[in-house]
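Biologist: I would like to learn how to read a ligand site in a model. Could we go through one, step by step?

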Amino acid sequence: MMPSAKLMSMRRGEGWTMKYVGLLLAMPPAMLAMVFATTSFAAGADTEAISKHDLQAKTQFCQDCHGPSGQGTPGGYLPIPRIAGQTPEYIERQLLAFAESMRDKNSSVGMTATHSVSPAMRSLLAAHFSSLNPDPIADGPRDLVATGKTIYEEGVPEANVPACSGCHGPEARGKGAIPRLAGQVDSYTERELAGWSKLRGQNPLKVGEAAAMKHVAHNLSSSQIAALAAYLGYLKR
Ligand code: HEC
Ligand code: HEC
């Protein structure tokens, strides 16, 4: 097993590459618990209490997985979502959802610890990532895009699926607590929609916004999900 000092220096230095992240995501739970135990999370009540240096270090930590401009990372053990251009409210809410074990709490890769930051750091990170807008990775199957667009705009009436545009907006830009879907990593969108109840709103006392999507996701077939994910993955803002 790698000593934690080495892990930390790798994370700070140039050796902390996506290859390493891939390794991290493939590690067994016990090892990961150790890795994440070495990460310290800044605690501050207001955003001014956070130094520029601490913010930069934390931003770098997020970018190590989410990509240098928050564009997301497909492939690997888990697809890592795009957070660039996401609404700040949604980013903050999801960080809190991870911290409260409402998302992916059974994941073996320590998502709760990774995403637990102070409320002040949460709002600074949300402001930073929401301000970025790199081009989408757009690696889904192009031949599904037209079908995905139709489902996005019209829903699937016979399966009781409402139009996605009704909530996420005509160009999938989202608003407030409703996420932007435009430009999202194809494999991430597929994974979330196919596994909604396993992945989201896991705290029964605090299901919150996740409940709004539950029946939508359940009523979609896997080919409809694939088409939606492909369409959304190509959408630019
Ligand atoms: C070890 C890799 C890793 C690191 C480091 C990491 N994340 Fe994540 N993040 C993920 C993965 C994987 C998911 C998707 C998990 C899932 O599907 O439940 C995710 C999900 C998210 C989401 C939810 C996105 C959505 O569309 O619902 C947000 C927001 C987020 N991360 C922000 C951050 C921020 C901010 C940081 C830095 C504090 C960070 N992440 C650090 C891997 C990472
Ligand atoms: C009634 C409003 C509503 C409708 C209709 C709706 N959504 Fe959502 N959707 C939401 C809300 C609210 C969330 C945020 C859930 C959360 O906070 O956990 C969400 C989340 C999502 C997510 C997760 C995004 C992420 O970054 O993790 C995906 C993917 C998604 N919706 C796709 C769709 C698709 C595709 C459709 C149409 C088939 C659709 N939604 C229809 C309200 C809606």
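Biologist: Which polar side-chain atoms lie by an oxygen atom of ligand 1?
Modeller: A polar contact is a pair of N or O atoms within 3.5 Å; within protein, one must be able to donate a hydrogen and the other to accept it, and residues adjacent in sequence count only if both atoms are side-chain atoms. Here a polar side-chain atom of Arg103 lies 2.7 Å from an oxygen atom of ligand 1, and one of Arg191 lies 2.9 Å from an oxygen atom of ligand 1. This is a predicted model: local features need pLDDT of at least 70, side-chain atom pairs count only at pLDDT 80 or more, and totals for chains, interfaces and linings use all residues. Side-chain values use heavy atoms, without hydrogens and water; residues are numbered from 1 along each chain as its sequence is written, while chains are lettered from A and ligands numbered from 1 in the order in which they are written.

Biologist: Which protein atoms are donors of the iron atom of ligand 1?
Modeller: Donors are N, O and S atoms within 2.8 Å of the metal (3.2 Å for Na, K and Ca); water is not among the atoms, so sites may look incomplete. The protein donors are NE2 of His66 and NE2 of His115, lying 2.0 Å from the iron atom.

Biologist: Are His66 and His115 buried or exposed?
Modeller: Buried means under 20% relative accessible area, exposed over 50%, partly exposed in between (1.4 Å probe, protein chains only). His66 is buried at 10%, and His115 is buried at 12%.
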